[in-house]
Amino acid sequence: MPEGADSRQLKFRDPARARDLGRALTAAAEAMGRTVSLMHVCGSHEQAIARYGLRASFPRSLDVIMGPGCPVCITDTPEVDEGVALARQGVTIATYGDMVKVPGTVLSLGDAQAEGAKVEVVYSVTQAVELARATREPVVFFATGFETTAVATAAALLGGVPDNFSVLSAHKYIPPVMEIVAEMPGSKVEGFLAAGHAATITGWGVFEAFVERHKLPVVVAGFEPLDILAALVKLVELVRDRKPEVVNMFPRCVTREGNRNAQEQLFKVFRPAGGRWRGIAHVPNGNLRLRDEWAHVDARRRFDIDLRPLWKFAPPALVQDCICGDIMAGIANPKQCKLFGKECVPDTPVGACMVSSEGTCKIWHLYGGVPDLSSSDAPQGEVRP
Ligand code: SF4
């Protein structure tokens, strides 16, 4: 919050402003006379949209699609396999809670733990470092998440870690995947809502080259209901007016340059590298891998990770029906998956999208996806935050 600002004046959930923005959104979208498809690439945006019932208030002609914005969901199967293989080889794996349930080719880290492997849930990289300090056994931090989380991993390494601590990096970098989605054959996406927290690090300027290349507008948005509504109004207006621009609708946190200190730490430790995102594709520069100077803490270089014992088994049959990849690419929604809410539920997830609190399937399972208000008397454009 800016110095001197009074939180009571910010009124992020002011019903009157929400109603005004809802009406503005309906007017802008309906003026197009056709369906407008926009994509956000952030699980926190989907959570806010679902939790506050915003999607039910969107005009019928506005399609807001969730793209590959859940860091847990896009952690690729072989990356999970690497963690599982290390755990089965006797190394302690420390990782975030959501990662424990994410299926690998045949096993999750939770399955490995049930077999007797040491898998510890941590809330931060700092906690993983503390875990290593408390033992002489090798501890590998299975590091997942986008650039926002990768900065914390980088800072921990720069701050010094014990010799028995390593990192298995599955960190991802968001900007390159927008290129992939924009270039997907048949993509209907006409504009992107960019995640405000990631842009706090990278700055909004990082999207300028993308906009120039693809002639698609990008609006940086915060996470309060009014932030999202205001950003959507702006994005629809940019599409309507054929203005491919970057607009920062989260100026209380995001600047054009971003957090230079964080960027410096991030790229001192990590380098962007091509690699697969689960269900999406090979994303050039979409993975963050440890630089050569950090080889001594890179689990991939310190350990002989043998995946063959895992890959000799066939994946569970149900996995074949998981359409997580299509959901993250924005060409399907969870209700189009025949396992949704039946064989696949949060307690027994079949695919990665049902595991994390930022996964589309889990969010839709919790909040109902697109509530049908057709039988209620709530007119479109009405929002009740
Ligand atoms: Fe995959 Fe489950 Fe989502 Fe279906 S409901 S796409 S099986 S995660």
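Helices (H or I, at least four residues) and strands (E, at least two) are DSSP runs, numbered from the N terminus. The model is predicted: local features need pLDDT of at least 70, side-chain atom pairs count only at pLDDT 80 or more, and totals for chains, interfaces and linings use all residues. Residues are numbered from 1 along each chain as its sequence is written, and side-chain values use heavy atoms, with hydrogens and water left out.

**Exercise 1.** Locate Arg242 and describe its phi and its exposure.

*Solution.*
- Step 1. Arg242 sits in the loop between helix 12 (225-240) and strand 9 (246-248).
- Step 2. Most residues other than glycine have a negative phi.
- Step 3. Arg242 is not a glycine, yet its phi is positive, near 50°.
- Step 4. The relative accessible area of Arg242 is 76%. Buried means under 20%, exposed over 50%, and partly exposed in between (1.4 Å probe, protein chains only). Arg242 is therefore exposed.

**Exercise 2.** Find where Lys215 lies and state its phi.

*Solution.*
- Step 1. The loop between helix 11 (208-214) and strand 8 (218-221) holds Lys215.
- Step 2. Lys215, which is not a glycine, has a positive phi of about 55°.

**Exercise 3.** Compare the radius of gyration of the protein with that of a compact globule.

*Solution.*
- Step 1. The radius is taken over C-alpha atoms, and the globule rule is 2.2 Å times the number of residues to the power 0.38.
- Step 2. For 385 residues a compact globule would have a radius near 21 Å.
- Step 3. The protein has 21 Å, so the two agree.

**Exercise 4.** State how many helices and strands the protein has, and what share of its residues is buried.

*Solution.*
- Step 1. The protein contains 17 helices and 11 strands.
- Step 2. Of its 385 residues, 56% count as buried.
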